[in-house]
Amino acid sequence: MTPARIVVVGTGYVGLTTGACLASLGHYVTCVDVDRAKVSRLAAGRVDILEPGLADLVTRGLAAGRLRFVVGAREAVRAAEGVFLCVPTPMGAGGSADLRAVEAVTAEIGDVLPAGCALITKSTVPVGTSKRIQEMLGRADVPVVSNPEFLREGTAVADFLGPDRIVVGSDDRAAARWVGELYAELDAPVVVADAASAELVKYAANCYLALKLSYVNSIAELCERLGADIDLVTEGMGHDRRIGRTFLKPGPGWGGSCLPKDTSALVKVAESVNYDFRMLTSAIDENIAQRDRIVAKIAGAVGGTLAGARIGVLGLAFKAGTNDLRDSPALAVSSVLCALGAELVAYDPAVDGEIDGMTVVDDAYQVAKDADAVVVLTEWAEFKDLDWAAMAELMEGIDVVDTRNLLDPRAIVDAGLSWQGVGRPRVS
Ligand code: UGA
């Protein structure tokens, strides 16, 4: 298709990825943010987010003249053919999504959008938001289109440029199809839908992933009680194409800035239409239970009582490949350990600074020093390559609790330590 003039409002990981990737597809993209200092940094090619490939795309977009960064959405949108809203929609009061940022931008730009310009929601917004924005706009000449993103943190650029599908939804189907064509360069199926269906796809997908993980964590618990091995069970399940091989790894619970927020929001949406989404509430409850089982496992490793125990924590981010701590299961587990009186020393290759209730160090071996137990909470590959014999030397106790089933149990045992994972037999 011919390159389009696009404005992206919000330069968080979704907005910046969207802007930089659309520019790499040949479009002319203006990214807008209210944070003046951030805009200056980005205009100079400096990217603060840890996202592989993103800084490179930003530099190339700037050099090609297809990407620019500005403050002030009102000015930026005057010549746009499409405006993407990529502003935060955090969990608001009572678990519903907080739409204040989306509404504020709509109010700011509503009267200056050119006729025919599509206003596109990329942020995850509750079903009905497109309709609400259309009403707020009060303009029949500006179609509102939902185009949810399915980007994972840490692989956002690769996910954007190699998507499983593109979803576009609007009650103005021609406008939806136009947004779909922005991605014509990418070899992906385009699902064209009404606005409500497109909005629901995002929640339905994220909540399904959360259900899948809670299910796997429950099966892992059964494995422990029945003497089975979750790795073998999920391998056996995953070959079934109806189930698939991914998203089957047990862990300390699911977290991050999306799954917890979106599961709560969908429960609320369901409540608003008098549907008690019990399956999803159970998945949320199960996630808390998983955290508590992990805490109990760690307590068991230090002789039953956490008060005064020194625990070495490896990993704080919600998953490997990111420095994002939002709704991190590692922090959730740590805060319960801390509340129960444990003394925590933590290391994460992507996190520094102070965190309440623990000492954050900048070297994995310091975590082991005098530790009664060492716990892996984020699956950073580099933890596998630690010199575990040296770790053992430094430790007081011998237990390694690997909540991500990341380490090679044999290497741990050869170092004179004892390994326990999740849903797998203990090795000592
Ligand atoms: C998630 C979705 O995967 C994306 O498709 C979606 O676009 C994004 O939310 C969003 O709504 O913006 P993300 O939050 O980056 O992406 O993280 P995931 O990779 O999905 O991981 C979520 C949680 O599940 C993490 O805590 C992770 O450690 C956990 N997880 C994931 C497991 O415990 N086991 C697995 O096998 C996979």
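**View 1. Strand 12 and strand 13 pair in the parallel sense.** Four bridges join strand 12 (residues 373-376) to strand 13 in this parallel pairing. Two strands count as paired if DSSP finds at least two bridges between them. Strands (E, at least two residues) and helices (H or I, at least four) are DSSP runs, numbered from the N terminus. This is a predicted model: local features need pLDDT of at least 70, side-chain atom pairs count only at pLDDT 80 or more, and totals for chains, interfaces and linings use all residues. Residues are numbered from 1 along each chain as its sequence is written. Ala373 stands opposite Asp399 in strand 13. From strand 12 the chain crosses through helix 15 (residues 388-394) to strand 13, and this β-α-β crossover is right-handed. Right-handed has a set meaning: with the strands pointing away from the viewer, the path from the first strand over the helix to the second runs clockwise.

**View 2. Strand 13 also pairs with strand 14.** These two strands run parallel, and three bridges join strand 13 to strand 14 (residues 418-420). The bridge partner of Asp399 in strand 14 is Ser418. The chain crosses from strand 13 through helix 16 (residues 409-414) to strand 14, in a right-handed β-α-β crossover. Which way do the residues of strand 13 point? Asp399 and Val401 point one way, Val400 and Asp402 the other, and all are buried. A residue is buried if 20 or more other C-beta atoms lie within 10 Å of its own, exposed if 12 or fewer, and partly exposed in between; C-beta atoms are placed from the backbone.

**View 3. Strand 2 is covered on both faces.** Five of the five residues of strand 2 (residues 28-32) are buried. Tyr28, Thr30 and Val32 lie on one side, with Val29 and Cys31 on the other. Strand 1 (residues 5-9) runs parallel to strand 2, joined by five bridges. Arg5 stands opposite Tyr28. The chain crosses from strand 1 through helix 1 (residues 13-24) to strand 2, and this β-α-β crossover is right-handed. Strand 3 (residues 67-70) also runs parallel to strand 2, with four bridges between them. Here Val29 stands opposite Leu67.

**View 4. Helix 13 packs against a helix and two strands.** Buried residues of helix 13 (residues 329-339) include Pro329, Ala330, Val333 and Leu337. The buried residues pack against helix 12 (278-301), strand 9 (310-314) and strand 10 (343-347). Gly341 follows helix 13 and has a positive phi, near 95°.

**View 5. Ser257 sits in a loop.** The loop lies between helix 10 (230-238) and helix 11 (259-272). Why is Ser257 buried? Ser257 counts as buried because it has 22 C-beta neighbours inside 10 Å. Leaving aside neighbours within four places in sequence, Ser257 is in contact with Asp324, Arg326 and Asp327. Contact means that the C-beta atoms, placed from the backbone, lie within 7 Å. Ser257 and Asp324 are 67 residues apart in sequence, but 8.2 Å apart in space, C-alpha to C-alpha.
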